[in-house]
Number of protein chains: 2
Amino acid sequence: MEPRGRGAAPGGVSVSAVLPAGGSGERLGGATPKQFCAVQGRPLVSYAVRAMERISWISDIVVVVSPENIETMKTIIEKYGHKRVTVVEGGITRHRSIFNGLKVFAENEFSSHLLQKPEVVIIHDAVRPFVEEDIVSKVVMAAKEHGAAGAIRPLVSTVIASAADGCLDHSLERARYRASEMPQAFLFDIIYEAYQQCTDYDLDYGTECLHLALKYCKTNAKLVEGTADLWKVTYKRDLYAAESIIKDNLSQQVCVITNVKETLAQVGFLLPESLKSQIKVEAISVSLSKNDSCLQNIISGQCYNFVCVNDKRWAIQETQELVDVLEKSNIPLLYPVVLILDPLLLQETVNSAAAVIMALIKDRNPELIGQLLVA
Amino acid sequence: MEPRGRGAAPGGVSVSAVLPAGGSGERLGGATPKQFCAVQGRPLVSYAVRAMERISWISDIVVVVSPENIETMKTIIEKYGHKRVTVVEGGITRHRSIFNGLKVFAENEFSSHLLQKPEVVIIHDAVRPFVEEDIVSKVVMAAKEHGAAGAIRPLVSTVIASAADGCLDHSLERARYRASEMPQAFLFDIIYEAYQQCTDYDLDYGTECLHLALKYCKTNAKLVEGTADLWKVTYKRDLYAAESIIKDNLSQQVCVITNVKETLAQVGFLLPESLKSQIKVEAISVSLSKNDSCLQNIISGQCYNFVCVNDKRWAIQETQELVDVLEKSNIPLLYPVVLILDPLLLQETVNSAAAVIMALIKDRNPELIGQLLVA
């Protein structure tokens with residue numbers, strides 16, 4: 001999905017977002033907080049920021065991080081070219097961090113750079129990388145109407161209450177309850193009022209913004225059924241899942257590049273035909289040594305996979321030129337670029353070549369770059 | 001972990017297990033119920049069965065499947081050499097399926113093959129592949145003492161109740177509640193009595209065995225804190241996570257095989273040394289054409305990764321012989337065997353060879369079998 005120019009927000013309201021990213025990630029194991037764990041080479045928080053900045057009608061994105069990670073976060077913003085992002089120092093709990101994020105829109109003394117107060121503020125998590133515009137839009141619309149709104153999901157497990165002796169007290173009827181997920185959205189004045197009113201106990205032990213809006217502003221949040229991709233990266237297995245989903249998303253299309261020698265023309269036709277059953281294919285014939293405009297168009301279309309069919313046994317130089325073009329392109333090449341150079345490719349092995357190409361694209365293993373593979 | 005001979009159960013009780021595997025997997029999307037989805041080529045249910053059969057003191061494992069999947073399940077049992085497993089036809093809900101599984105221990109007319117009634121019965125899910133003996137043992141011990149017991153986990157999300165208008169009614173204080181997971185265990189007579197007593201409404205709409213024991217037998221189950229690996233495969237992302245965890249588990253050791261030519265001796269030494277920093281290494285020198293007893297020992301130790309270092313450019317035949325030995329071995333070769341044949345391997349490229357080998361082992365991509373990779 002392309003970043004777009006600023007569009008109109010649902011209902012014409014002004015909207016900004018706060019992403020708390022101050023967690024320590026202790027459930028994950030390991031020293032790196034989960035929001036800074038790399039997935040396909042890129043920190044998780046960067047995916048969440050990208051998901052927000054792709055939504056053109058979100059004006060400002062405030063990322064709240066703990067003091068020791070402010071420089072790390074600023075580096076991430078620069079490296080991945082994030083726009084409209086303000087980094088704010090967090091507190092010692094989730095609620096305190098969100099409160100700090102909100103203050104940037106309201107309290108001049110809190111930040112050197114006071115941001116325009118939005119009508120509606122979205123609160124999302126740095127560790128939920130896959131949020132789509134559709135659910136964000138629904139939650140914002142519902143917040144405008146009801147004052148507060150949040151995405152929910154069915155419970156996966158039955159929820160039970162334990163007694164003081166560690167035995168079952170009672171179990172909840174699963175159908176009557178929901179898991180509260182993110183994104184949530186609020187009329188700014190409501191959630192800011194709630195945070196100003198709430199007690200230290202709420203700030204230190206609470207987990208639920210919807211609860212604060214209810215308790216301090218008598219606002220019953222509208223609950224919006226979300227999709228399965230809203231889940232939160234909590235455990236190591238969730239990082240694995242996130243990586244597989246990102247790989248899947250990157251494996252949707254491939255660009256097959258051939259130079260125009262006659263012997264290759266047929267392979268240049270047959271290989272894309274064979275790949276088409278599994279993946280969207282762009283096939284072009286270019287002279288790699290030129291900064292081809294057709295290739296540039298495909299690069300700017302955010303294709304992440306390039307297959308080069310060549311007829312010279314060790315045409316390393318031409319391949320290197322293609323790599324240079326890709327690396328100089330404006331797309332953030334976050335992932336290993338898979339290049340195959342196979343002079344032995346014959347018509348009858350096209351299907352097996354397509355299978356190898358698909359495997360390489362799906363695994364995205366940088367250790368295999370430069371290997372000569374035989375179909 | 002090796003399957004062991006029958007050992008003593010915790011507390012000396014007799015123990016059997018029931019695995020409901022009748023679900024339709026509608027939350028996963030796709031036509032195949034999740035318990036039959038292949039992960040690294042092997043159905044998920046087979047991993048759960050294996051986890052149970054590795055525990056030597058579990059006498060019988062009853063797998064309950066829907067009528068249309070009985071033949072599929074029997075094929076799986078045969079293919080993966082599962083022992084002590086009885087397949088039983090399930091009902092239309094989870095509780096009805098579990099009840100059917102229990103009847104095999106109690107009602108002669110229900111099955112041609114009445115199983116010995118255990119003192120304690122474990123109930124586990126076919127879609128929780130990673131359960132370890134330690135937690136099963138704890139739950140069985142607690143069930144012996146308290147009549148019922150179940151594994152629990154902290155809640156990942158806040159749980160909320162919605163009002164009739166789709167707005168928030170109230171949120172639960174997360175710390176007071178737990179997610180009820182599997183395995184659970186019961187004194188057989190208690191859970192069987194509960195199922196006999198319970199209403200059609202319970203059987204059709206209930207989700208929680210601990211609840212039945214409480215409601216019909218006044219038994220407050222002991223709650224046992226479980227580990228993060230007890231999670232249930234529910235969504236497609238969970239299949240991705242399961243696959244990554246299984247690959248991780250398979251990447252713990254490698255067997256490096258060399259023939260004994262002098263030029264290779266040094267590589268055969270240096271390569272294992274380089275790999276040792278990342279993985280447990282067995283290095284052997286064998287004549288591949290013989291059914292070597294040293295190789296057989298390693299195979300029976302359930303090593304899943306074999307690297308062949310060879311000095312002939314296209315020694316396809318020898319490699320094929322090794323593949324044949326592996327395929328004829330008694331271990332269930334569920335996963336692609338990675339074989340590398342690299343005649344160009346030089347001493348100075350040993351580290352890069354080790355990196356490629358690690359990448360291949362971790363990805364386990366069958367499409368790359370037979371490729372000649374250069375370090």
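## Salt bridges

Over all chains, the structure holds 20 salt bridges. This is a predicted model. Side chains of opposite charge can pair when their charged atoms come close. One such pair is Glu225(A) and Arg178(A), whose side chains meet in a salt bridge at 3.2 Å, N to O. The two residues belong to distant parts of the chain, 47 residues apart: Glu225(A) lies in strand S11 (residues 222-225) of chain A, and Arg178(A) lies in strand S10 of chain A.

Between chain B and chain A, the count of salt bridges is 0.

## How the two chains are related

Chain B is superposed on chain A by a rotation of 180° with 0.1 Å of shift along the axis, and the RMSD is 0.2 Å. That is the relation of a two-fold axis. Among the residues of chain B, Ala241(B) comes closest to this rotation axis, with its C-alpha at 2.3 Å.

The copies meet through the same surface, because 100% of the interface residues of chain B are also interface residues in chain A.

## Extent of the interface

The contact takes 62 residues from chain B and 62 residues from chain A. The size of an interface is often given as the accessible area lost when the parts come together. Here the area buried between chain B and chain A is about 5400 Å², and carbon and sulfur atoms give 54% of that area. Three residues, Ile160(B), Leu168(B) and Arg237(B), supply 13% of the area that chain B buries against chain A, more than any other three residues.

There are 25 residue pairs in polar contact between chain B and chain A, with both residues at pLDDT 80 or more.

## Elements on the chain B side

Both strands and helices of chain B take part. The elements that each supply at least two residues of the side touching chain A include the strands S7 (148-154), S8 (158-162), S9 (168-171), S10 (177-187) and S11 (222-225) of chain B. By type, the residues of the side of chain B that touches chain A divide into 30 nonpolar, 15 polar and 17 charged.

## Strand pairing across the chains

Strand S10 (residues 177-187) of chain A and S8(B) run antiparallel and are joined by 4 bridges. Within S8(B), Ile160(B) is the bridge partner of Arg178(A). Arg178(A) is also the residue that forms the salt bridge with Glu225(A).

How values were computed:
Residues numbered from 1 in each chain as written. Chains lettered and ligands numbered in written order. Predicted model: local features only at pLDDT ≥ 70, side-chain atom pairs only at ≥ 80, totals over all residues. Heavy atoms only, no water. Least-squares fit on C-alpha atoms with pLDDT ≥ 70 in both. Contact = heavy atoms within 4.5 Å. Buried area = accessible area lost by both parts, 1.4 Å probe. Salt bridge = Lys/Arg side-chain N within 4 Å of Asp/Glu carboxyl O. Polar contact = N/O pair within 3.5 Å; in protein donor to acceptor, adjacent residues only side chain to side chain. Nonpolar A, V, L, I, M, F, W, Y, C, P; charged D, E, K, R; others polar. Pairing = 2+ DSSP bridges.
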